[in-house]
Amino acid sequence: MRIVSLAGGIGGARFLRGLLSAAPDSEITVIGNTGDDITLYGLQICPDLDTVMYTLGGGIDEEQGWGRQKESHVVKEELAAYGMEPQWFGLGDRDIATHIVRTQMLAAGYPLSAVTEALCARWQPGVRLIPMSDDRTETHVVVSDERGRRAIHFQEWWVRLRASVPAEQIILVGADAARPAPGVLQAIADADVVILPPSNPVVSIGTILQIKGVREALEPKTVVGVSPIVGGAPVRGMADACLRAVGVESSAQAVLELYGSPLIDGWLVAEEDAGVRLDGVRVEARPLIMYDAESAAAIARAALTLARDLAASRNTGPQSAFRMGDAG
Ligand code: GDP
Ligand code: CA
């Protein structure tokens, strides 16, 4: 079976680890968010791609959920001793090596998709990881503070300010010009099912959906999403602050409506959110907390079973003759 998944960082990566163990014989293509990317000290940093790569490749700091295990921070301390800014971004020594390789390859003219493939040759994540675009995009957040109304990089809002200043607007700079990376639209076209992990619906999945052609390519596919919101709050992190910025309530119902039908065909919610409904969408309630690899795998199995059922009922439906091409 060919599966396509869109992913941000922690929520995406942990779910994908479950998906790999739930569907070991599948061909999984992951389209990664690059809106969080930032250039610091001349280094090109792709936090979400790296979180997926390290998590699936066995190099992640499990407790923190991002960055490398057994990490040290000597370079960061030395930069601080020179008074170099910013000092709020966590840059570990082992992690820096990844950013050096990436920056050097980009400077030599390789597109980010080729660089990501090269980095994955070391980590062997077990999935094909493609950045959403080779074109540079950056998520910026409009805030008002003592310096007035201004746009800051998403990482400054998220990491330095801990999303404590209200986001008035969240903008993906470069979205209009960004084309999907090579392989993105083809992987979606070839997919038997598409699974949306419980990644941030605004700045992870929402960002990928802004890349030209991606949403349109997904709509005719069988797409099952896993709610990142459980009982009215994000399971981890500050996704509620992002949802507020786009005028969406933090609930499994509101996130489903944000994605909408015809994009979503199946939606997994937590048991306390069992009342969620939307026309054209099959909603199922399951335990949705990823405590460990096994609970993540159980969620992935539920998502896959739902997706397979939905895909099968499409293929045997009254219009099956017109759907044969989708069967894969
Ligand atoms: P980030 O880029 O590191 O912020 O990670 P993602 O965008 O991939 O995922 C963040 C989202 O994952 C947040 O909205 C969380 O609510 C969600 N999340 C994290 N852990 C869990 C979990 O155990 N279960 C569910 N359902 N969602 C989770
Ligand atoms: Ca992220």
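How many bridges join strand β6 (residues 138-145) to β7? Six bridges do so, and the two strands run antiparallel. The model is predicted.

**Sheet**
- Three strands form an open sheet in the order β7-β6-β8, and their pairing is antiparallel.
- The edge positions are taken by β7 (148-153) and β8 (169-173); each has a single partner strand, so one side of each lacks a neighbour in the sheet.
- On average, neighbouring strands of this sheet are turned by 30° against each other, direction ignored.

- Because Asp36 sits in the loop between β2 (27-32) and β3 (38-40) while Asp48 belongs to helix α2 (residues 47-57), the pair ties together parts twelve residues apart in sequence.
- Asp36 and Asp48 are both buried.

**Helix packing**
- Helix α2 also packs with helix α1 (residues 10-22), at an angle of about 35° and with the axes 9 Å apart.
- The crossing of α1 past α2 is right-handed.
- On the α1 side the contact is made by Ile10, Ala13, Arg14, Leu16, Arg17 and Leu20, and on the α2 side by Thr51, Val52, Thr55 and Leu56.
- Sorted by class, this contact of α1 with α2 has six nonpolar, two polar and two charged residues.

Methods:
Residues are numbered from 1 along each chain as its sequence is written. Chains are lettered from A and ligands numbered from 1 in the order in which they are written. This is a predicted model: local features need pLDDT of at least 70, side-chain atom pairs count only at pLDDT 80 or more; totals for chains, interfaces and linings use all residues. Side-chain values use heavy atoms; hydrogens and water are left out. Helices (H or I, at least four residues) and strands (E, at least two) are DSSP runs, numbered from the N terminus. Buried means under 20% relative accessible area, exposed over 50%, partly exposed in between (1.4 Å probe, protein chains only). Two strands pair if DSSP finds at least two bridges between them. Axes are lines fitted to C-alpha atoms, for helices over the stretch in contact, and angles run from 0 to 180 degrees between N-to-C directions. A crossing is left-handed if the near helix is turned anticlockwise from the far one by less than a right angle, and right-handed if clockwise. Contact means heavy atoms within 4.5 Å. Ala, Val, Leu, Ile, Met, Phe, Trp, Tyr, Cys and Pro count as nonpolar, Asp, Glu, Lys and Arg as charged, and the others, Gly among them, as polar.
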